Amino acid sequence: MASFDPRTGMTILDEATCWDLLSTAAVSRLAVVVGDDLEIFPINTVVDDRTIVFSTGEGTKLAAMTIARNVVVEADGYDDATGQAWSVVVKGEADRLDRFDDIDQAEKLPLHPWSGHPKQWFVRVRPRSVTGRRFAVTPD
């Protein structure tokens with residue numbers, strides 16, 4: 001159940017609402033540790049049974065998740081009709097899919113990467129925590 005935070009004026013979203021909103025996000029952001037630094041990447045995601053799945057190619061994201069599997073995925077959106085924005089943050093563990101059955105299942109998901117760059121690997125983020133906020137956008 002959602003609750004209102006009078007201190008911030010934001011509605012704290014329950015987990016079910018967070019998952020519903022995540023399933024509508026066209027693009028999310030993935031934060032990973034790279035060496036002694038943090039990096040953030042836009043990713044196209046799909047929600048699958050309360051996990052997040054995305055595809056990626058060889059490179060920094062895949063290498064970082066292999067070394068340190070802890071990741072953060074964030075998505076947000078705006079509803080023109082209500083004038084409200086939302087933000088959902090998922091903290092969890094990323095696993096590159098390497099079993100045939102898992103890859104086969106991921107290939108059947110409605111995942112539509114924006115980039116034409118080869119993305120031969122699928123990654124599933126299993127959440128440890130899911131939090132979200134909704135708030136009215138202040139007019140200009």
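Which residue lies over the face of Trp121? Here are my notes on that and a few other points.

1. This is a predicted model, in which local features need pLDDT of at least 70 and side-chain atom pairs count only at pLDDT 80 or more, while totals for chains, interfaces and linings use all residues. Residues are numbered from 1 along each chain as its sequence is written, and side-chain values use heavy atoms, leaving out hydrogens and water.

2. The answer to the opening question is Arg96, at 4.1 Å from the ring centre of Trp121. (A charge sits over a ring if NZ of Lys or CZ of Arg is within 6 Å of the ring centre and within 35 degrees of the ring normal.)

3. Helix H1 spans residues 15–22, and its buried residues are Cys18, Trp19, Leu21 and Leu22. (Buried means under 20% relative accessible area, with a 1.4 Å probe and protein chains only; helices are DSSP runs of H or I with at least four residues, strands are runs of E with at least two, and both are numbered from the N terminus.) These residues lie on the same side of H1, because they cover an arc of only 160 degrees around the axis, taken from the directions from the helix axis to the C-beta atoms.

4. Strand E6 is largely enclosed by the rest of the structure, because five of its five residues are buried. Ile52, Phe54 and Thr56 are on one side, with Val53 and Ser55 on the other.

5. E6 runs antiparallel to E9, joined by five bridges, and Ile52 stands opposite Val125 in E9. (Strands pair if DSSP finds at least two bridges between them.)

Conventions. Buried means under 20% relative accessible area, exposed over 50%, partly exposed in between (1.4 Å probe, protein chains only).
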